[in-house]
Amino acid sequence: MKALSVLIAATALFGGVQMFQGGGGESVADETVPSNSYKLVANGDEGACAVTRGATISDGLSLLTVAPNCRRLLPGIERAKFWRDQNDGTVAFSANGIDPIVAFSVADGDGYESYAPATPLLSLAGDRKADD
């Protein structure tokens, strides 16, 4: 009976060590955290700039920082101060939180593509390099 108790204790100890060393569970470091840094690209890489989604203000509305050089891609976009997640999955950037300067729909794969205004076509994707 004593041998059985020792065997159970050893198994529990071994299992606990494996769990904490990553042998049985997923490491916290392996979890993916959504990026708040994005790369805005015009017409398939004719130009690019940085966009950062900031703190949440209210349901679906967050602060937005648009790099000044984004003006080269779409004049006026540098005034955008808000990121709004719409109920239909689209995203809009605006200066006042209401009237969109540019609107994006979910793209094939990862990120978004602009649909308003119709030109220039802009893509918005998480910028992993900015978070490293």
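The dialogue below asks how the terms used for this predicted model follow from their definitions.

Student: What should I know about the numbering and the model before reading any values?

Tutor: Residues are numbered from 1 along each chain as its sequence is written, and side-chain values use heavy atoms, with hydrogens and water left out. The model is predicted, so local features need pLDDT of at least 70 and side-chain atom pairs count only at pLDDT 80 or more, while totals for chains, interfaces and linings use all residues.

Student: How do you know which parts of the chain the predictor is confident about?

Tutor: The guide is pLDDT, the predictor's confidence in each residue, from 0 to 100. The protein chain has a mean pLDDT of 79, and 68% of its residues reach 70 or more. Over residues 9–33, however, the pLDDT is below 50, and beyond near neighbours in sequence this stretch has four contacts in the model, a contact being heavy atoms within 4.5 Å. Where pLDDT is low, the predicted coordinates should not be read in detail.

Student: What makes a segment a helix or a strand, and how many of each does the protein chain have?

Tutor: Both are DSSP runs numbered from the N terminus, with helices being H or I over at least four residues and strands being E over at least two. On that basis the protein chain has two helices and eight strands, which follow the pattern α-β-β-β-β-β-β-β-β-α along the sequence.

Student: How do you know that strand 1 and strand 2 pair?

Tutor: Two strands pair if DSSP finds at least two bridges between them. Strand 1 (residues 37–42) and strand 2 (residues 47–58) are joined by six bridges and run antiparallel, so they meet the criterion of at least two bridges. Within this pairing, Tyr-38 stands opposite Val-51.

Student: Which arrangement do the eight strands form?

Tutor: They form a closed barrel that runs 1-2-3-4-5-6-7-8 with antiparallel pairing. Neighbouring strands of this sheet are turned by 30° against each other on average, direction ignored; the axes are lines fitted to C-alpha atoms, for helices over the stretch in contact, and angles run from 0 to 180 degrees between N-to-C directions.

Student: What do the residue partners look like along the strands?

Tutor: Strand 3 (residues 61–66) and strand 4 (residues 82–85) pair over three bridges, with Leu-63 opposite Phe-82, and Phe-82 also has Ser-94 in strand 5 as a bridge partner. Further along, strand 6 and strand 7 pair over four bridges, with Ser-105 opposite Glu-113, while Glu-113 also stands opposite Ser-123 in strand 8.

Student: Why is the link of Cys-49 and Cys-70 called a disulfide?

Tutor: A disulfide is a pair of cysteine sulfur atoms within 2.5 Å, and the S to S distance of Cys-49 and Cys-70 is 1.9 Å, so the pair qualifies under that cut-off. With 105° about the S-S bond, the link is right-handed. Cys-49 lies in strand 2 and Cys-70 in the loop between strand 3 and strand 4, so the pair ties together parts that are 21 residues apart in sequence.

Student: Why are Cys-49 and Cys-70 called buried, and why is Gly-109 called exposed?

Tutor: Buried means under 20% relative accessible area, exposed over 50%, and partly exposed in between, with a 1.4 Å probe and protein chains only. Cys-49 has 6% and is therefore buried, and Cys-70, at 0%, also counts as buried. Gly-109, in the loop between strand 6 and strand 7 (112–116), has 73% and is therefore exposed; in that hairpin, which has five residues between the strands, Gly-109 takes a positive phi near 90°.

Student: What makes a group of residues a nonpolar core, and which residues have the most contacts inside the largest one?

Tutor: Such a core is a set of buried Ala, Val, Leu, Ile, Met, Phe, Trp, Tyr and Cys residues joined through side-chain atoms within 4.5 Å. The largest has 22 residues, and those with the most contacts inside it are Leu-40, Phe-93, Phe-104 and Leu-124. The elements that give two or more residues to this core are strand 1, strand 2, strand 3, strand 5, strand 6 (100–106) and strand 8 (122–126). Not counting residues up to four places away in sequence, Leu-40 touches residues including Cys-49, Cys-70, Phe-104 and Leu-124.
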